[in-house]
Amino acid sequence: MREKIHIYHTNDVHSHFEKWPRIRKFLKERKALHEANGEDVFIFDCGDFVDRWHSFTEGTLGKGNVELLNDAGYTAVTLGNNEGLTLPHDVLNHLYDEADFEVLAANVYLAGGTRPSWALPYQIFKSSRGTKIGVTAATAYYRPLYKLLGWELSEPLAELERQIAELQKQADIIIVLSHLGMDDDETIAENNPRVDLILGGHTHHVFMNGKKVNHTTLGAAGRYGEYIGYVKAEVDKGPFFWKNFTASLVDTAILDNPPNAGEYIKDLEEIGKDLLQTEVVTLPEPLNYSWAEQSELPAILCEALYKWCKADCALINSGLILSALEKGKVTKYDLHQMLPHPINPCVVELSGAELEEVLHISEDSGLSDLEFQGLGFRGVMMGKLVYHEIEYDKDNGSIKVAGKPIVREKTYSLATLDMFTFGVFLPPIKNARRKIYYLPEFVRDMMEWELKTRYL
């Protein structure tokens, strides 16, 4: 007899809880409906469910997100780079202590080369009719950054091939949960025809009706809970084993909102706010900001990076600052609201000529007006670039570093943001020969450190 198996999936929710009440309600109702019909249901998340831009996630350090996944009945999840790289080692190592679901991450290892107890290379689930569903997973290959946090990553495509080879011996259906991006997902499908289904994320791509690559079905549901992925798997284990996968997306915007949705979302925010009420410093005067002009808070943050990284000079964008600080008590919540970005400081080494190119681009390209989100940036627009120990006179083209004229052949250390090494905004920084990343500190940690230095 033909068997129906129902698979739901999410990816890259990034702690955007505005649609979570609808997603939660939908998944619970669908699961109850299918199970009432005697059919099996599996619910997967493909990573970046945790994002520390939200006060609930920041206050609970991701454990609150795990409770939400438990409540919605997830079967298994994998790691995104936000789980893997924005949480200190010990925090990630215990993030899933209370999880009611499996955590699959085949290419994540401890520094010694053993697997962490919470990360399985694969799991085989069995349907009520005995169909064996083998699921493996891998996360994006940011090996140098994971290494700084005490983790080791294996190359994901090679790791998946090993796990798929093992699953071929044991499973009727093979599923990959991927936080690798669309291109890698297609490569997996091309090189591993035995894989039936790849559920993907990381690049925030959308496959409205799935995508077929050879014999493999690919599913992807965008970002921020805009869609819920649904795959109907049909299996006939008769004399001629037959299986078929039909993928689609559910637009969460058209789903019914539960009556208490607004209160539910507000409660999550309040939980986070309450947990972040630790006082950092008391300000004798307010500190303001501007995205268009020189202002206090961006200058303070830029100086903090310069000092923390012990660099020759520093550069940040003023769009990092999202709120002012009022006179009086400043809490961790205030700093989080001002700097919610999971962005780390870093140092790049540039020649004087390359640093000069960076300054010309920053001043003449219209970069300051760019509106974007991504690469850890959770603001609105880039804003004016701010310097410390750099003087740039546009009128005569003169540039000084630490008060001395720039030397084009000299190597300078520039303290800046990791997002500039990942994005295409400032090519000399992206292509720098040497990059030194500081993890797990975020830019808000730099601001806290500097404010305490100044005002305690």
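Me: Which residues is W20 in contact with, leaving aside its neighbours within four places in sequence?

Reply: This is a predicted model, in which local features need pLDDT of at least 70, side-chain atom pairs count only at pLDDT 80 or more, and totals for chains, interfaces and linings use all residues. Residues are numbered from 1 along each chain as its sequence is written, and side-chain values use heavy atoms, with hydrogens and water left out. If contact means heavy atoms within 4.5 Å, then W20, leaving aside its neighbours within four places in sequence, is in contact with F49, L68, L69, A72, Y74 and Y264.

Me: Is W308 buried, exposed or partly exposed?

Reply: W308 is found in helix α10 and, leaving aside its neighbours within four places in sequence, is in contact with Y438, E441, M446 and W449. Although W308 and M446 are 138 residues apart in sequence, their C-alpha atoms are 7.3 Å apart in space. With a relative accessible area of 25%, W308 is partly exposed.

Me: How many bridges join strand β18 to β23?

Reply: Strands pair if DSSP finds at least two bridges between them. Strand β23 (residues 411–417) has 6 of its 7 residues buried, so it is largely enclosed by the rest of the structure. Strand β16 (residues 313–317) runs parallel to β23 with 2 bridges, and there A314 has A415 as its bridge partner. Strand β18 (residues 345–351) runs antiparallel to β23, with P345 opposite L417, and the bridges joining β18 to β23 number 7.

Me: How far apart are the end C-alpha atoms of helix α1?

Reply: The expected span of a helix is 1.5 Å times one less than its number of residues. The 17 residues of α1 (residues 20–36) should therefore span 24 Å, which agrees with the distance between its end C-alpha atoms, 24 Å.

Conventions: Buried means under 20% relative accessible area, exposed over 50%, partly exposed in between (1.4 Å probe, protein chains only). Helices (H or I, at least four residues) and strands (E, at least two) are DSSP runs, numbered from the N terminus.
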